[in-house]
Amino acid sequence: MWAADGSVKQCKAMRTGNARMPTHIVIAGAGPAALVALCELGRTPANARITLLTRSPHTHYSGMVPGWIEGIYPADAIRVPLAPFCARHEVDLVVGEAREADGERLVLTDGRSLSFDTLIVNSGGETRRAGPLAAPSVIPGRPLEGVVERLGPHLQTAASFAVIGAGAAGVEVAFALRARRPDAAVTLIERAAILPDFPAAFRARILARLAACAIDLRLGTVTECAPGAVMLGAERVPADIVLAFTGPAPGAFVAHTPFAKAADGFLAVGPDMRSLSHPNVFAAGDVATNADDPRPKSGVFSVRSGPHLAATIEAIAAHRPPPAARLQRHGLVLLSTGGRRAIGTRNGIALEGRLVWRLKDRIDRAFVRRLTTD
Ligand SMILES: Cc1cc2nc3c(=O)[nH]c(=O)nc-3n(C[C@H](O)[C@H](O)[C@H](O)COP(=O)(O)OP(=O)(O)OC[C@H]3O[C@@H](n4cnc5c(N)ncnc54)[C@H](O)[C@@H]3O)c2cc1C
């Protein structure tokens with residue numbers, strides 16, 4: 001339904017109750033929540049038409065990016081081609097980037113517009129990169145396709161890497177760089193505490209492993225990203241390549257929508273994932289914040305919201321009220337530490353070793369297999 005002005009008219013005609021017109025559901029962003037939801041559905045429900053809008057023809061699976069850095073997985077093994085995925089699930093694929101939206105249509109960065117009856121936003125977050133981290137030389141952790149494209153050519157040649165941000169993603173990437181390049185300097189920079197939301201036993205194991213791997217952990221705030229170095233005040237950290245894993249921030253697209261925002265700037269949703277301001281708009285994954293029942297912004301919770309999103313799509317197609325989500329609060333965290341080893345934690349207990357990595361590898365491969373074959 002690509003059009004300049006006609007798209008909006010067509011959309012209104014649908015809402016007036018023409019029974020022959022399927023309701024048009026547009027999903028903006030091919031995050032894990034949406035992909036799992038479409039797998040759960042199998043096919044588009046009767047009375048609905050689904051369009052998936054995504055800025056890349058592939059979606060990368062973040063859980064396997066550290067393994068790609070390390071050289072365990074080829075690039076093809078960590079990404080899902082969306083054209084065959086959409087064909088299998090009877091979904092229209094549009095490759096493009098949403099720039100702004102109102103309650104009836106999306107406008108893309110290339111000027112096209114896409115009208116909808118219902119919008120589901122699953123566009124994730126962008127890397128938080130204020131001040132010196134906005135330098136063009138810094139590779140942001142998001143989008144993942146950018147990490148693969150920009151880091152790939154330097155993996156074998158750079159003499160020094162600096163990873164800024166010691167959350168789960170930054171820590172895993174630092175371990176992966178060390179495993180790939182035992183000869184290079186790898187520095188992990190954190191301005192506050194490493195993995196603050198994780199149990200003490202887990203943090204202790206990670207700190208011990210960082211030391212064992214000769215990853216230089218520096219506590220401090222980056223004041224400048226200069227050519228070949230990162231400055232922490234007067235201190236110079238050599239860095240041919242600088243990567244920022246500083247956590248998710250709402251992207252420009254979210255800011256250019258009239259949909260209610262939570263205090264963190266992401267889209268404010270209720271228990272049924274519905275926008276607090278626009279009843280025909282839903283959000284899932286990192287882009288959504290339910291202030292009354294928050295969940296960490298992580299792939300685990302995005303994946304878990306997939307089945308609920310599938311039920312929501314079925315309800316929308318059947319003109320029923322969408323169900324309320326009941327997402328688990330805690331999950332198993334498996335963090336790869338390089339060399340086919342991992343540390344896992346659940347309910348405050350931490351386990352480490354090769355078996356933990358094999359479990360992670362099996363879960364990750366099964367996830368991508370499901371998205372590429374189901
Ligand atoms: C290196 C790394 C490793 C990680 N490892 C783990 C892990 O092991 N476990 C874990 O739980 N979490 C992990 N995370 C976090 C996890 O990736 C995210 O929390 C999760 O992917 C969020 O999922 P989402 O559904 O919000 O969508 P995302 O995965 O963020 O996907 C959003 C999609 O929308 C597209 N998009 C964005 N904006 C637009 C737009 N304007 N128009 C069109 N398309 C758009 C993007 O290109 C992307 O394909 C990791 C993150 C990184 C960076």
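Reply: Let's start with burial: a residue counts as buried if 20 or more other C-beta atoms lie within 10 Å of its own, exposed if 12 or fewer, and partly exposed in between, with C-beta atoms placed from the backbone. Take Ala252: it is exposed because 12 other C-beta atoms lie within 10 Å. Residue numbers run from 1 along each chain as its sequence is written. The model is predicted, so local features need pLDDT of at least 70 and side-chain atom pairs count only at pLDDT 80 or more, while totals for chains, interfaces and linings use all residues.

Ala252 sits in helix α8 (residues 252-255). Helices here are DSSP runs of H or I with at least four residues, strands are runs of E with at least two, and both are numbered from the N terminus. Ala252 lies 60 residues from Ala192 in sequence, and their C-alpha atoms are 26 Å apart.

Now for α7 (residues 200-212). The expected span of a helix is 1.5 Å times one less than its number of residues. For the 13 residues of α7 that gives 18 Å, which agrees with the 18 Å between its end C-alpha atoms. Phe202, Arg205, Ile206 and Leu210 are its buried residues. The buried set packs against α6, β13, β14, β24 and β25, where contact means C-beta atoms, placed from the backbone, within 7 Å. After the helix comes Ala214, with a positive phi near 55°.

Helix α10 (residues 354-373) can be read in a similar way. Its 20 residues reach 28 Å from first C-alpha to last, close to the 28 Å expected at 1.5 Å a residue. Val356, Trp357, Lys360, Asp364 and Leu371 are buried. They cover an arc of only 100° around the axis, which puts them on the same side of α10. Turned away from that side are the exposed residues Arg354, Leu355, Arg362, Ala366, Arg369 and Thr373. The cover over the buried residues of α10 includes α2, β4, α4, β23, β24 and β25. Strands β24 and β25 turn up again here: they also pack against the buried residues of α7.

Key: Contact = placed C-beta atoms within 7 Å. Arc of directions from axis to C-beta.
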